[in-house]
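The stops below go through selections one after another.

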Amino acid sequence: MTPHSPAQQAAAEPDLRHHGDAEVRADGAGLVDLAVNVRTGTPPAWLRERLAASLAGLAAYPDGAAARAAVAERHGRPVDEVLLTSGAAEAFVLLARALTPRHIVVVHPQFTEPEAALRDAGHPVRRVLLAPGEGFRLTAGAVPEEADLVVLGNPTNPTSVLHPAAAVAALTRPGRTLVIDEAFMDTVPGERESLASARDLPGRVVVLRSLTKTWGLAGLRIGYVLGPAPLIAALAAAQPLWPVSTPALVAAEACSAPAALAEADQAAYELAVRREHLVKGLAAFPAVRVHGEPAASFVLLELPGADAVRARLRTLGFAVRRGDTFPGLGPDWLRVAVRDEATTDRFLAALAEALDG
């Protein structure tokens, strides 16, 4: 769990711009998609109807006031502590442009866009790699004290680890900005361990959220940032005019309503049952190892020759996410999305065949 120097990082630099959707494009379009973590069967009918109705207002410029207020109320924060973005990924670019940190730490393995955005903006990045032998969990002293910008996912993509809120809060310091990517927090029942509503921690705490995973809105691009009002204003100043479309604003407002939150929480409980089914099935394979306790809508697997297994799975009709593009992992890792039990059973049968191949 030691920080890696720039020289060590350059020795085997992963492709930070590779994402799971690449697995299901072109020749992968007909595969069962276990590479992308968007919930199947979404958007729900009621949300599709709201989005369709919003098209009647496309002649007017977008007005985000109602959506911003809905998100603020959902998290118990003032409106000026909320910024709506074109997907959570836009927020990483805004942070990279608006902040001027001197000692940046990105905790890996995690979603690679934050580091990519920081590097694109000319910032040097230091990596802290969490260890599989420790279940990819944070431990005391993992992050150097001098770090004035720390980026962490919770629950983390691709490890599916949910860090305790207390452990994440312990990373806060006066003079430090802590950025927490909670894009998958709504896949956790009760959103336990979230810091989205925390406003009294030292330093600056910034929480990023996405509506694309649970609600099936990856193509619509809608997310938001929660944080101190002065920082939110600085991020807003880095945005272009009208950065979020009218349909996306409608989605933000609709998905922040109590009925939608109840639906998302029910989906999270159902997901937990389906994830347990997948993990139990994987336990039948001696060559496959799951480190830690998965808590999100995907599971990270370690198995020898995972690259070859992934290729054989494609011939058997299944797309899974390669792991070697995540710092801290390598060619012996795969990420698998949680699906319904029947799909999981078919995947497990294909995995058995692929491992025998």
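**Stop one: a salt bridge within a helix**

Select Arg119, which is partly exposed at 31% relative accessibility (buried is under 20% relative accessible area, exposed over 50%, partly exposed in between, with a 1.4 Å probe and protein chains only). This is a predicted model, in which local features need pLDDT of at least 70 and side-chain atom pairs count only at pLDDT 80 or more, while totals for chains, interfaces and linings use all residues. Residues are numbered from 1 along each chain as its sequence is written, and side-chain values use heavy atoms, with hydrogens and water left out.

The term stands for a side-chain nitrogen of Lys or Arg within 4 Å of a carboxyl oxygen of Asp or Glu. Glu115 is buried, at 0% relative accessibility. Helices here are DSSP runs of H or I with at least four residues, strands are runs of E with at least two, and both are numbered from the N terminus. An α-helix has 3.6 residues a turn, so residues three or four places apart point the same way.

**Stop two: a link across the chain**

Now select Arg126 and Glu146, whose side chains form a salt bridge at 3.0 Å, N to O. This pair links distant parts of the chain, 20 residues apart: Arg126 is in strand β5 (residues 125–129), and Glu146 is in the loop between β5 and β6 (149–153). Arg126 is partly exposed at 35%, and Glu146 is partly exposed at 42%.

Select Asp21 and Arg25, a salt bridge with its closest N and O atoms 2.6 Å apart. Asp21 is partly exposed, at 29%, whereas Arg25 is exposed, at 55%. Next, select Glu23, Asp27, Asp307, Arg310 and Arg314, which a network of salt bridges links. How many salt bridges does the rule count? The count is 20.

**Stop four: helix α12**

Select residues 341–356, the 16 residues of helix α12. From first C-alpha to last, α12 reaches 23 Å, close to the 22 Å expected, where the expected span is 1.5 Å times one less than the number of residues. Colour by burial: the buried residues of α12 include Phe347, Leu348 and Leu351. Among the elements covering the buried residues are β2 (32–34), α10 (258–282) and β12 (333–337).

Note on methods
Contact means heavy atoms within 4.5 Å.
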